[in-house]
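This briefing is intended to accompany the structure displayed below.

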Amino acid sequence: MNLELSEEQAAVKELARDFTEREIVPHAAAWDRAESVDRAIVKKLGALGFLGLTIDEEYGGSGGDHLAYCLVTEELGRGDSSVRGIVSVSLGLVAKSIAYWGTEEQRRAWLPRLTSGDAVGCFGLTEPGTGSDAANLTTRAVRDGDDYVITGSKMFITNGTWADVVLLFARTGGAEGHRGISAFLVPTDTPGLTRREIHGKLGLRGQATAEIVLDGVRVPASAMLAPEGKGFSVAMSALAKGRMSVAAGCVGIAQACLDAAVDYAGRREQFGVPIARHQLVQELLADIAVDVDAARLLTWRVADLIDRGQPFATESSVAKLYAGEAAVRCANNALQVFGGYGYVDEFPAGKLLRDARVMTLYEGTSQIHKLLIGRALTGVSAF
Ligand code: FAD
C-alpha cells in the first residue's frame with residue numbers, strides 16, 4: 001500500500017480542509033447549541049462534489065476513489081461530526097447502495113439529486129425493538145397488486161427529518177431472520193410516513209436524528225431495491241463500507257483533539273511554564289498522537305482494499321472498532337489537557353467528547369464488531 005497521496009487525492013484533501021476551515025469550524029459550536037447545522041451546507045457539499053465521491057459521473061457523481069472519500073470524511077469530521085454524518089449516510093449508505101444495487105431507472109431517478117445535494121437520503125434499518133439484532137426487524141411490507149404497503153417504525157435515523165428518500169428495510173414474505181428482509185426506496189412525502197426529531201442527544205446535536213413511523217405507506221413494486229429477500233445483503237454491504245467512513249470521521253475527531261490540545265498546552269501556563277513543559281501533559285498528547293496515526297492507517301487500509309477489489313469487511317470492523325474507541329480516548333485526553341476549561345463549551349474539547357461518544361455505538365457497537373472479528377478468526381458465529 002502506497003501511503004503517498006496522489007495529486008488528485010492531495011487536491012481533494014486540500015479542498016475539504018479549506019471548506020472545513022471556512023464553512024464549518026466557525027459555526028460548529030453555534031450549530032451544536034442550536035441543535036441544527038445550517039441546512040444550506042448540503043448544497044455546498046454537493047457543489048464541491050463531496051456528495052458524489054466514488055459515484056460515476058454519468059449519474060452526477062464526482063468519481064474519486066475510497067481513499068479520497070476517507071480524506072473528505074476525515075476533514076469534515078475534524079470540523080463537525082454532524083456535518084460528516086450527512087455525507088456518510090446520504091452518499092455512503094444510500095447513494096452508494098443505489099449505485100450498486102439499483103436498476104437503471106432507480107439510479108437515474110435518485111443519484112443526480114443525491115449527489116448534487118438537491119435531495120438527502122437516510123438509512124432506515126434500526127427499529128425501537130431491534131438495534132444490534134437488526135435481522136429480527138418487524139416493519140412489514142405486504143404485496144397488494146402492483147404495490148407494497150409498509151407498516152412499522154424506525155428509530156435513530158440520521159438525516160431523518162431532512163431526508164427526501166429513505167432506504168428502508170422491511171420484512172416481505174414469511175421467512176424469518178435476514179432471509180425475509182427486502183429493501184425499498186421510499187420518498188419521505190409518501191402519505192402515511194411521519195417523522196419526529198429526537199432531541200436531547202448527548203452529542204451530534206446538529207444532526208437531524210429522527211424516529212420514522214410508517215402507517216400503511218403504499219409504494220409501487222418498482223421501489224424495491226435489489227431482488228425480494230436481498231434487503232439484508234443490501235444493508236450489510238452498505239454498512240461494511242459505511243464503517244470505513246465512520247472510522248475516517250473518528251480520525252477527524254482525534255486529529256481535532258490533537259490540534260486543540262497541542263495548541264492549548266503551548267499557551268496555558270502553570271507553575272511558571274507552559275503546561276506543555278510538564279511531562280505528564282506530554283504523555284497525554286503522545287497518547288492522542290499515537291491513536292490518530294493508528295486509526296488513520298487502519299482506515300486507509302480499508303480504502304486500499306476496496307479500491308483494489310479485495311475483501312475488506314473484517315478490516316472495516318477492525319478500523320471502526322479501533323477508531324471509535326480511539327476517538328473517545330483522544331477526546332477524553334484532550335479534555336484533560338484543557339483542565340477545568342475543557343468542561344465548558346466555550347472550548348472545543350467537551351463537544352468533541354460528546355460527539356465521539358456515539359462512535360462506539362452506531363454502525364455496529366464495539367461489542368458487535370468484536371464478535372464479527374471473532375467470527376472471522378474462529379469461523380464460529382456468536383449470533
Ligand atoms: P442494543 O442493540 O440494544 O445494544 C445495547 C447494548 O447491548 C450494547 O452495549 C450492545 O453492544 C450490547 N449487545 C447487544 N447485543 C449483543 C451481543 N450479541 N453480544 C454482546 N453485546 C451485545 N440506525 C439506522 O438504521 N440508521 C441510522 O441512520 C442511524 N443513525 C443513528 C444515529 C445516532 C445518533 C444513534 C444513537 C443511533 C443511530 N442508529 C441508526 C442506530 C444504531 O445503529 C443503533 O443504536 C445500534 O445499532 C445499537 O442498537 P441499540 O441502540 O438498539 O442497542
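**Salt bridges, helix packing and a surface patch**

Arg 354 and Asp 32 are joined by a side-chain salt bridge, with N to O at 2.6 Å. Because Arg 354 belongs to helix α10 (residues 349-357) and Asp 32 to helix α2 (residues 28-34), the pair ties together parts that are 322 residues apart in sequence. The model is predicted, and a search of the whole structure finds 23 salt bridges.

**Buried pairs**

- Arg 354 is buried, at 17% relative accessible area, and Asp 32 is buried at 4%.
- A salt bridge also links Asp 80 and Lys 351, whose closest N and O atoms are 3.0 Å apart.
- Asp 80 sits in the loop between α4 (66-79) and α5 (81-101) while Lys 351 is in helix α10, so this contact ties together parts 271 residues apart in sequence.
- Both Asp 80 and Lys 351 are buried.

- Arg 267 and Asp 263 form a salt bridge at 2.9 Å, N to O.
- Both residues lie in helix α7 (residues 231-267), four residues apart, about one turn of the helix.
- Arg 267 is exposed, with 54% relative accessible area, whereas Asp 263 is partly exposed at 42%.
- Salt bridges link Lys 13, Arg 17, Glu 21, Glu 75 and Arg 78 in a network.

**Helix packing**

- The axes of α1 and helix α3 (residues 40-47) come within 12 Å and cross at roughly 160°, which means that α1 is roughly antiparallel to α3.
- The crossing of α1 past α3 is right-handed.

**Surface patch**

- Met 1, Leu 3 and Leu 297 make up a nonpolar surface patch with about 300 Å² of accessible area together.
- Leu 3 is located in the segment before α1 (7-24) and is partly exposed, at 45% relative accessibility.

Key
Residues numbered from 1 in each chain as written. Predicted model: local features only at pLDDT ≥ 70, side-chain atom pairs only at ≥ 80, totals over all residues. Heavy atoms only, no water. Patch = residues over 30% accessible without salt bridge, like charges linked within 9 Å, V, L, I, M, F, W, Y side chains within 5 Å. Areas by Shrake-Rupley, 256 points an atom, 1.4 Å probe, with all protein chains shown as cover. Salt bridge = Lys/Arg side-chain N within 4 Å of Asp/Glu carboxyl O. Helix = DSSP H or I, 4+ residues; strand = E, 2+ residues; numbered from the N terminus. Buried < 20%, exposed > 50% of the residue type's maximum accessible area, 1.4 Å probe, protein only. Axes fitted to C-alpha atoms, helices over the stretch in contact; angles between N-to-C directions. Parallel < 35°, antiparallel > 145°, perpendicular 65-115°, else oblique. Left-handed = near helix turned anticlockwise from the far one by under 90°.
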